Amino acid sequence: MAKRATRESYGAALVKYGANENIVVLDADLSKSTKTDMFKAAYPDRFINMGIAESNMMCVAAGLAASGKIAFASTFAMFAAGRAFEQVRNSIGYTHLNVKIGATHAGISVGEDGASHQCLEDVALMRSIPGMVVINPADDIEAQLAVKAAIEHEGPVYMRFGRLAVEDVNSEDYQFELGKGVMLADGKDASIIATGLMVGEALKARELLKADGLDVRVINIHTIKPIDADIIEKAAKETGAIVTAEEHYIMGGLGSAVAEVVCATHPVPVKIIGTDRFGKSGKPAQLFEEYGLTAANIADKVKEAISLKR
Amino acid sequence: MDKKRVKELSIIANKVRKNALTAVYSAASGHPGGSLSIADLLTLLYFEVMNVDPKNPKDENRDRFVLSKGHCAPALYGVLAEKGFFPVADIKGFRHIDSYLQGHPDMNKVPGVDMSTGSLGQGISVAGGMALAAKLDNKSYRVYSVLGDGELEEGQVWEQAMFAAHYKLDNLTAFVDNNGLQIDGDVSKVMNPNPIDEKFRAFGWHVIITDAHDFEKLLSAIEEAKATKGKPTVIIMKSVKGKNVSFMENNAGWHGSAPNKEQYEQAVSELDAKIAELEAMA
């Protein structure tokens with residue numbers, strides 16, 4: 001299987017879909033890391049380096065969008081959703097301007113840089129802004145299609161990309177639909193609802209559970225907002241137990257979004273897998289192990305969720 | 001500018017002041033002091049300088065205005081109403097639940113408002129983005145933005161100051177409403193932003209210092225800004241907070257509090273007297 005970091009997919013997709021003269025790409029001195037340098041090489045006149053000034057970048061992007069541009073503002077998730085939160089909230093969210101936030105290096109998989117750069121709250125923050133679309137793609141194919149969908153969507157979009165290379169979970173003929181979850185494998189005993197690089201782990205967990213005689217559904221939620229309530233309600237009704245998995249704090253992310261739907265439609269046990277504390281330095285694989293972001297932990301939690309079924 | 005035009009603009013500016021006070025009085029909340037200090041500038045921009053059309057408020061070739069000190073919405077609404085973007089009578093709805101006139105400017109609700117503002121330091125950055133868009137599209141529209149002198153304490157203003165000079169945004173003109181007062185008192189005592197001129201000069205801007213309440217001087221400063229190539233211009237306007245209402249002038253207490261009925265009526269009668277005096281002039 002092909003392996004690529006979704007930040008590279010971001011850079012590649014900006015080039016692939018960037019011929020539209022209205023598209024401008026902004027970066028805050030991280031173009032080599034966010035991979036917007038690929039767009040810069042292809043369309044130098046429409047690339048704007050903002051220097052290390054994320055707050056200003058978000059508002060300049062708003063000004064460009066207010067003047068008819070499709071403005072991509074790129075930096076690490078920590079600075080896009082964290083440092084510039086209020087700029088995003090007031091100048092992009094409240095105005096509903098056509099700004100696309102390309103947030104790379106999200107989550108604990110940043111690895112060695114440690115807690116200061118491991119943003120584990122961006123989904124919670126961005127999800128709280130009315131009208132903001134939040135996408136966390138699982139692989140290269142999905143990430144590129146997410147960029148295309150963001151260009152076609154009118155209004156603000158937050159895209160969450162990773163630093164770590166991930167295996168493809170989708171095929172080349174994959175059809176991406178904004179706001180629609182994808183059932184990757186059917187099952188009747190429980191459902192694993194995952195996002196981002198945890199989708200691959202969810203599929204592995206399904207195989208582990210097969211050995212125990214359990215038949216588990218796996219759903220990929222790439223668009224965390226607006227959430228696909230139908231696919232979640234259906235999973236609750238048909239499988240009776242849900243485990244969510246994400247590279248994010250337990251508070252406010254995919255798990256919360258799923259629980260909000262389940263509580264309001266068809267209450268069943270929901271176990272949320274995520275982190276509950278700051279990250280730390282280490283190799284991504286070591287961090288996944290320490291923080292429980294593994295197929296084995298997902299499988300354990302599925303069994304716990306099933307045991308809670310009434 | 002001839003004397004007749006100065007007189008006309010002075011009358012409009014005092015009507016804008018009345019509108020601003022009516023808004024704040026009707027809402028029993030809002031920011032009269034800074035609204036009165038920028039009323040002359042906004043009148044000059046909307047009635048003499050900017051290419052805007054109330055019938056086509058979204059014209060893509062229009063000049064843009066961003067009120068970075070968004071709390072002075074009463075002045076902006078006051079001038080937009082006088083210009084015909086919406087009925088003057090609607091001013092009374094300011095900050096009311098059934099009105100489109102939000103407490104701070106809202107581009108999606110109020111005709112003629114080019115950007116939603118209110119959180120200090122952000123508007124000037126957005127104005128820079130608009131100016132950059134004009135450059136990218138080879139369009140000739142200009143972007144104007146008003147900052148408070150207290151607002152200069154926001155670090156983001158200086159991120160934008162660096163940016164606008166770096167990208168040579170000579171189509172951007174910023175104004176500093178230098179009335180010397182912020183909510184907690186004298187700006188130099190709360191958090192001294194001075195020297196404002198030297199700071200902007202050091203960041204690579206063309207700097208002009210002028211009188212906020214002299215139309216001819218203000219207009220010539222704006223003409224100088226238009227003629228300045230390769231760098232943005234900041235016009236530091238020495239202004240009087242609460243201008244033209246005797247008991248509000250130079251009083252920080254009127255930054256964010258509404259007049260009572262008696263005070264409102266006195267303020268209006270002072271402004272009416274000024275208008276009558278101007279109209280009686282030859």
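## A helix in chain B

Let's start with helix 4 of chain B, which covers residues 122-136. This helix has 15 residues and reaches 21 Å from its first C-alpha to its last, close to the 21 Å expected at 1.5 Å a residue. Keep in mind that you're looking at a predicted model.

Is helix 4 of chain B largely enclosed or largely open? It's largely enclosed by the rest of the structure, because 13 of its 15 residues are buried. After the helix comes B:N138, and its phi is positive, near 55°.

## A buried threonine

Now look at helix 1 of chain B, residues 3-27, where you'll find B:T22. This threonine has a relative accessibility of 13%, and buried means under 20%, so B:T22 counts as buried. Its side chain also has a partner: a polar contact of 2.7 Å joins B:T22 to the side chain of B:Y264.

## The largest pocket

Next up, the open spaces. The largest pocket has a volume of about 450 Å³. Its lining is made of 21 residues, and those nearest the centre are A:V166, A:E167, A:L197, A:E201 and A:K204. In chain A, strand 8 (165-167), helix 9 (198-210) and helix 12 (284-291) are the elements that give two or more residues to this lining.

Which element gives the most to the lining? That's helix 9 of chain A, with 5 residues. Sorted by class, the lining of the largest pocket has 13 nonpolar, 6 charged and 2 polar residues. Two domains of chain A take part, since domain 1 (3-167) and domain 2 (182-307) each supply at least three residues.

## The second largest pocket

The second largest pocket comes in at about 280 Å³. Here 16 residues form the lining, and the closest to the centre are A:A66, A:S67, A:G68, B:E60 and B:R64. By class, this lining divides into 8 charged, 5 nonpolar and 3 polar residues.

## Closed spaces

How many cavities of 30 Å³ or more does the structure hold? There are 2. The largest cavity contains about 110 Å³ of space. Of its 14 lining residues, A:T6, A:P137, A:F161, A:G162 and A:L197 lie nearest the centre. The lining of the largest cavity has 7 nonpolar, 5 polar and 2 charged residues, and it draws at least three from each of domain 1 and domain 2 of chain A.

The second largest cavity has a volume of about 40 Å³. Lining this one are B:V52, B:D53, B:N56, B:P57, B:R62, B:F85, B:G112 and B:D114. Those residues split into 3 nonpolar, 2 polar and 3 charged.

Most residues other than glycine have a negative phi, and most peptide bonds are trans. With that in mind, check out a few spots along the backbone. A:K225 and A:P226 are joined by a cis peptide bond, with omega about -5°. A:P226 sits in the loop between strand 12 (223-225) and helix 10 (229-239) of chain A. Over in chain B, a cis peptide bond links B:N194 and B:P195, with omega about 0°. B:P195 is in the loop between helix 6 (187-191) and helix 7 (196-202).

Then there are the positive phi values. A:D29 has a phi near 65° and lies in the loop between strand 2 (23-27) and helix 2 (31-34) of chain A. At 45% relative accessibility, A:D29 counts as partly exposed. A:K35 isn't a glycine, yet has a positive phi of about 75°; you'll find A:K35 in the loop between helix 2 and helix 3 (37-42) of chain A.

Technical notes
Residues numbered from 1 in each chain as written. Chains lettered and ligands numbered in written order. Predicted model: local features only at pLDDT ≥ 70, side-chain atom pairs only at ≥ 80, totals over all residues. Heavy atoms only, no water. 1 Å grid on protein atoms, 1.4 Å probe; cavity = no way out; pocket = protein on both sides within 12 Å on 5 of 7 lines; lining within 4 Å. Points joined across faces, edges and corners; volume = space filled by probe spheres on them. Helix = DSSP H or I, 4+ residues; strand = E, 2+ residues; numbered from the N terminus. Nonpolar A, V, L, I, M, F, W, Y, C, P; charged D, E, K, R; others polar. Domains from an automatic or database assignment. Expected span 1.5 Å × (residues − 1). Buried < 20%, exposed > 50% of the residue type's maximum accessible area, 1.4 Å probe, protein only. Polar contact = N/O pair within 3.5 Å; in protein donor to acceptor, adjacent residues only side chain to side chain.
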